[in-house]
Amino acid sequence: MTAHTPQRRADAFSGWDGSPANARALQKQLAGQVVLQDDYGPLRVIAGVDVGFEEAGKITRAAVVLLDADTLELMAQTVARVPTSMPYIPGLLSFRELPAVLQALDALGQTPDLIFSDGHGIAHPRGLGIAAHLGVITGLPTIGVAKKILTGQHEALGEQRGDQVELVDKAGQVIGTVLRSKDKVRPLIISPGNRVSLETAPQLVMRFVTRYRLPEPTRLADRLASRRDEKRASGQRTMALE
């Protein structure tokens with residue numbers, strides 16, 4: 001294994017002038033830095049990352065959870081709320097969401113051995129979805145766990161847990177895996193973000209899938225980012241008062 005020193009996170013958007021055209025150019029540049037080989041050590045702590053929005057999109061809410069890789073016990077969780085500085089533009093999700101994600105990661109106080117990010121890795125029109133962008137700027141191993149295809153096509157997929165087919169781009173290049181994580185449920189789109197191979201990424205996802213569709217790291221991060229538990233508790237309190 002090669003030792004990696006994480007790059008300064010402040011350089012996440014170095015060279016970006018704020019325009020969509022320049023963002024796309026930067027994506028192409030950073031995509032060339034993605035490592036698509038297994039280059040990580042023993043997995044002791046893993047992280048899940050997801051992002052939601054508050055106040056009609058004015059506030060970006062990034063959630064990060066840290067889990068014990070063996071027991072899946074929740075070790076820590078953080079939420080970062082920052083003003084949203086960019087509108088939603090398809091294909092440029094990382095420029096909208098990463099500022100909050102990086103702040104939440106910094107607040108953890110511990111570096112995970114592997115990050116599962118809600119969103120795409122290299123299964124992206126320019127090869128740099130949010131998981132890949134996050135992996136490149138931090139230097140950490142990352143995997144994208146998405147719920148929908150952004151780009152690419154695939155053959156028919158079986159209905160059983162663990163069934164998988166390759167996701168390929170227009171040139172026939174494999175860019176990810178369409179994975180059935182649970183019997184007869186909608187599949188996940190798995191693609192490496194950085195320092196994980198195409199072959200290993202779906203294996204690692206399945207390693208941390210329990211009885212739910214999503215692997216535990218992104219499932220718990222999704223609950224925290226969407227404030228699902230808070231909303232449920234609020235609803236229960238309202239019902240109790242009626």
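Val 196 is buried, with a relative accessible area of 0%; buried means under 20% relative accessible area, exposed means over 50%, and partly exposed lies in between, using a 1.4 Å probe and protein chains only. This residue sits in the loop between strand S8 and helix H4. Helices (H or I, at least four residues) and strands (E, at least two) are DSSP runs, numbered from the N terminus. Keep in mind that this is a predicted model, where local features need pLDDT of at least 70 and side-chain atom pairs count only at pLDDT 80 or more, while totals for chains, interfaces and linings use all residues. Residues are numbered from 1 along each chain as its sequence is written, and side-chain values use heavy atoms, with hydrogens and water left out.

What surrounds Val 196? Leaving aside its neighbours within four places in sequence, Val 196 is in contact with Val 35, Leu 36, Gln 37, Asp 38, Tyr 40, Leu 114, Pro 141, Thr 142, Ile 143, Ala 201 and Leu 204. Contact here means heavy atoms within 4.5 Å. Take Val 35 as an example: Val 35 and Val 196 are 161 residues apart along the chain, yet their C-alpha atoms are separated by 7.1 Å. Across the chain, residues 24 or more positions apart account for 64% of the contacts with a separation of 6 or more.

The side chain of Asn 194 reaches the backbone nitrogen of Val 35 at 2.9 Å. Beyond its neighbours within four places in sequence, Asn 194 has contacts that include Gln 33, Val 34, Gly 135 and Leu 140.

Strand S8 also has partners on either side in a sheet. As a general point, strands of a sheet pair through backbone hydrogen bonds, either parallel or antiparallel. Two strands count as paired if DSSP finds at least two bridges between them. Strand S5 (residues 142-146) pairs with S8 in the antiparallel sense over 5 bridges, and Val 145 stands opposite Ile 190 in S8. Strand S7 (residues 174-179) also runs antiparallel to S8, joined to it by 3 bridges; here Val 178 stands opposite Ile 189.

How many strands form the sheet, and in what order? There are 8 strands, in the order S3-S2-S1-S4-S5-S8-S7-S6, forming an open sheet with mixed pairing. Its edge strands are S3 (74-83) and S6, each of which pairs on one side only. Neighbouring strands of the sheet are turned by 25 degrees against each other on average, direction ignored. For a parallel example, look at strand S1 (residues 45-54), which pairs with S4 over 4 bridges; Val 49 stands opposite Ser 117 in S4.

Helices pack on this sheet as well. Helix H2 (residues 93-108) touches S1, S2, S3 and S4, and its direction makes about 40 degrees with that of S2. Helix H5 lies across S1, S2, S3, S4 and S5, running at about 145 degrees to S2. For these angles, axes are lines fitted to C-alpha atoms, for helices over the stretch in contact, and angles run from 0 to 180 degrees between N-to-C directions.

Because 6 of its 8 residues are buried, H4 is largely enclosed by the rest of the structure. Those buried residues are Thr 200, Ala 201, Pro 202, Leu 204, Val 205 and Met 206, and they pack against S4, S5, S6 (164-168), S7 and S8.

Finally, turn to the nonpolar cores. A nonpolar core is a set of buried Ala, Val, Leu, Ile, Met, Phe, Trp, Tyr and Cys residues joined through side-chain atoms within 4.5 Å. The largest has 27 residues, of which Phe 116 and Ile 143 touch the most other members. Strands S2 (59-68), S4 (114-118), S5 and S8 and helices H4 (200-207) and H5 (216-226) each supply at least two residues of this core. Apart from it lies another core, of 21 residues, among them Ala 62, Leu 98, Leu 102 and Ala 104.

For the chain as a whole, the secondary structure comes to 6 helices and 8 strands, and buried residues make up 50% of the 242 residues.

Technical notes: A polar contact is a pair of N or O atoms within 3.5 Å; within protein, one must be able to donate a hydrogen and the other to accept it, and residues adjacent in sequence count only if both atoms are side-chain atoms.
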